[in-house]
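I opened this entry to look up how the strands pair and where the nonpolar side chains gather. My notes follow in the order in which I checked things.

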Amino acid sequence: MSRSNPKVYEYSGCSTCRNALKYLKSKKVDFKQIPIRETPPTTAELKKAKQYLGDIKRLFNTSGKDYREGNWKEKLGTLTEEQIFKELSANGNLVKRPFVVGEGWVLVGFKEEEWKEKLG
């Protein structure tokens with residue numbers, strides 16, 4: 001798999017994101033760090049992630065305050081995929097993080113085994 005400069009959407013207050021960044025640095029992976037709250041992933045990136053993950057629900061930060069307070073568990077059944085992508089690309093707090101986009105692959109969350117497979 002290509003390690004070429006993936007985009008890493010992260011939040012500095014997130015311990016999972018900090019662990020993921022530490023992992024990337026330890027593997028000497030060049031990456032572009034993007035604050036997910038200020039600059040959420042684009043609709044195109046989210047659509048690409050859904051293709052890889054299969055289930056659109058896997059894109060959501062289900063433990064986040066915005067998810068709970070926004071009643072997203074109930075909302076998901078009533079919105080179209082287009083509406084969901086639009087909401088996710090407008091609110092980085094709703095997106096599971098870290099959200100990583102590489103050349104031909106996507107990673108959501110930090111599971112070291114998955115990351116090893118994609119990044120070595």
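**Strands and cores**

I began with strand β1 (residues 7-10), which pairs with β3 in the antiparallel sense over three bridges; strands here are DSSP runs of E, at least two residues long, helices are runs of H or I of at least four, both numbered from the N terminus, and two strands pair if DSSP finds at least two bridges between them. In that pairing V8 stands opposite V100 of β3.

I noted that the model is predicted, that local features need pLDDT of at least 70 and side-chain atom pairs pLDDT 80 or more, while totals for chains, interfaces and linings use all residues. Residues are numbered from 1 along each chain as its sequence is written, and side-chain values use heavy atoms, without hydrogens or water.

Next I followed β3 to strand β4 (residues 105-108), where the pairing is antiparallel over four bridges and F99 stands opposite V108. The two strands form a hairpin with two residues between them, and G104 in the turn has a positive phi of about 85°.

Which way do the residues of β3 point? I found F99 and V101 on one side and V100 and G102 on the other, all buried (under 20% relative accessible area with a 1.4 Å probe, protein chains only; exposed is over 50%, partly exposed in between).

I then looked up the largest nonpolar core, which has 21 residues, with L46, L59, F60, L88 and F99 making the most contacts inside it; such a core is a set of buried Ala, Val, Leu, Ile, Met, Phe, Trp, Tyr and Cys residues joined through side-chain atoms within 4.5 Å. The elements giving two or more residues to this core are α2 (43-53), α5 (81-90), β3 and β4. Apart from it lies another core of 12 residues, among them L24, V29, F31 and W115.
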